[in-house]
Amino acid sequence: MTILRGHFAILLVVAAPPQVDREALERVLVPVAEAFDLTVAIRPLSDEAAGTVVTDREQAPGPSSRAQESVEAREAWTIAVHGADRPGIVHAVTSALAEAQGNVVDLATHMVGEPDSAVYVMTLRVTLPAGKAAEAAARHVGEAASELGVRCTTHRDEADLL
Amino acid sequence: MTVRPVLVLPHQVLSTVAAPVGCVDDRARALAEDLFDTMRASPACVGLAAPQIGLSLRAFVVDVTGHRKARSCHGPFVLFDPVITAREESEIAREGCMSVPDLTGDVARAKYLTVTGTGVDGEQLALEVDAFEARAVQHELDHLDGLLFLDRVAGSHALFERKVYR
């Protein structure tokens, strides 16, 4: 959820019973949205698109589900990028991520500071191939950022708990 | 009394690993005085590290006296060449920084820790700190390693702008 130029915006991925289709959801949601002068758009996701990230730990011994079997082992990481604003920061970081088989799950940006010395801050939640490949991927992204003169740090999401 | 200008993002000194202070001499004590004076010039400031006033040296001051989130409180203190020797548990909480004036962020920090270092008279100190004081110590020590709270945010939506949404 966020506020875009004064407009409320929210994006939700929801699970519904098989008998609930898009028309059924629109019948209940559109009147509510209109009452608040909002627009609502609903579209179905395939099972694959709705699949969740599976970490190494989740794949440890135990019953495996179909969703787990269909997704390769990946790790969730957080990347912080900050530095003097200039064109190409998002392109450089996301290109490096793609080269390293990284996938952006979530991304937020902030522009701070004075207009003549604006600082661009970007935080990303990404998934990377598990294990040592993840560390190599994180290094690759950091190098791409440093070529632009911006700071880039990465940490595994699990590492948040000390 | 010398209140120094506080460097803000993206100043290079803030991303640089600071050098050891070594022997605590008159220059180191003058640095501590400047850090205290600069910290006290901003009422909400509970800690300041030498790189924030442009000196890439391993020194910081902390004072959480009277802060509502504080449990342990060692009053105002300076540590030169600090090292965290033990840490336990962690919690995520919001923090800000004089060097990142427009943002706050949710950061995971240890709840309890032991930090050692050299005091203002050259004495060796080992402080056990917890809660908000522990968070302040970790935040300041990060500055000595060229890290800001931005580098430790707990996820992509863990940063918040101080200004009101428009």
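A:Asp157 is buried, with a relative accessible area of 16%. Buried means under 20% relative accessible area, exposed over 50%, and partly exposed in between (1.4 Å probe, protein chains only). This is a predicted model, in which local features need pLDDT of at least 70 and side-chain atom pairs count only at pLDDT 80 or more, while totals for chains, interfaces and linings use all residues. Side-chain values use heavy atoms, without hydrogens and water; residues are numbered from 1 along each chain as its sequence is written, and chains are lettered from A and ligands numbered from 1 in the order in which they are written.

What does A:Asp157 form with A:Arg125? The two form a salt bridge, with the closest N and O atoms 2.8 Å apart. A salt bridge is a side-chain nitrogen of Lys or Arg within 4 Å of a carboxyl oxygen of Asp or Glu. A:Arg125 lies in strand E5 of chain A and A:Asp157 in the segment after E6 of chain A, so the pair ties together parts 32 residues apart in sequence. A:Arg125 is partly exposed, with a relative accessible area of 31%.

## More salt bridges

A search of the whole structure finds 13 salt bridges over all chains. One joins A:Glu75 and A:Arg156, whose closest N and O atoms are 2.8 Å apart. This pair links distant parts of the chain: A:Glu75 is in strand E3 of chain A and A:Arg156 in strand E6 of chain A, 81 residues apart. A:Glu75 is buried, at 8% relative accessible area. A:Arg156 is partly exposed, at 24%.

Chain B has a salt bridge between B:Glu95 and B:Arg109, again with 2.8 Å between the closest N and O atoms. B:Glu95 sits in strand E3 (residues 77-97) of chain B, and B:Arg109 in strand E4 (residues 100-118) of chain B, 14 residues apart. B:Glu95 is buried, with a relative accessible area of 8%. B:Arg109 is buried too, with 3%. A network of salt bridges links B:Glu95, B:Arg109, B:Arg135, B:Asp142 and B:Arg152.

## Layout of chain A

Chain A comes to four helices and six strands. Helices (H or I, at least four residues) and strands (E, at least two) are DSSP runs, numbered from the N terminus. Along the sequence the pattern is β-β-α-α-β-α-β-β-α-β.

Of the 162 residues in chain A, buried residues make up 31%. Contact means heavy atoms within 4.5 Å. Among contacts in chain A with a separation of 6 or more, residues 24 or more positions apart account for 60%.

## Nonpolar cores

A nonpolar core is a set of buried Ala, Val, Leu, Ile, Met, Phe, Trp, Tyr and Cys residues joined through side-chain atoms within 4.5 Å. The largest has 23 residues; A:Ile79, A:Val81, A:Val93, A:Leu97 and A:Leu124 touch the most other members. E3, helix H3 (89-99), E5 and helix H4 (132-147) of chain A each supply at least two residues of this core. H4(A) gives the most, with six residues.

Which residues does A:Leu97 contact, leaving aside its neighbours within four places in sequence? A:Leu97 is in contact with A:Ile79, A:Gly102, A:Val104, A:Leu124, A:Val126, A:Leu128 and A:Val141.

## Where the chains meet

The contact takes 26 residues from chain A and 29 residues from chain B. The area buried between them is about 2,100 Å², and carbon and sulfur atoms give 59% of it. Buried area is the accessible area (1.4 Å probe) that two parts lose on being put together, summed over both. The count of salt bridges between chain A and chain B is zero.

Strand E3 (74-84), strand E4 (103-112), strand E5 (119-129) and strand E6 (151-156) of chain A each supply at least two residues of the side of chain A that touches chain B. E4(A) gives the most to this side, with six residues.

## B:Asp34

B:Asp34 lies in helix H1 (residues 26-40) of chain B. B:Asp34 is buried, with a relative accessible area of 10%. Leaving aside neighbours within four places in sequence, B:Asp34 is in contact with B:Thr2, B:Arg4 and B:Ile53. The C-alpha atoms of B:Asp34 and B:Ala50 are separated by 9.1 Å, and the two are 16 residues apart along the chain.
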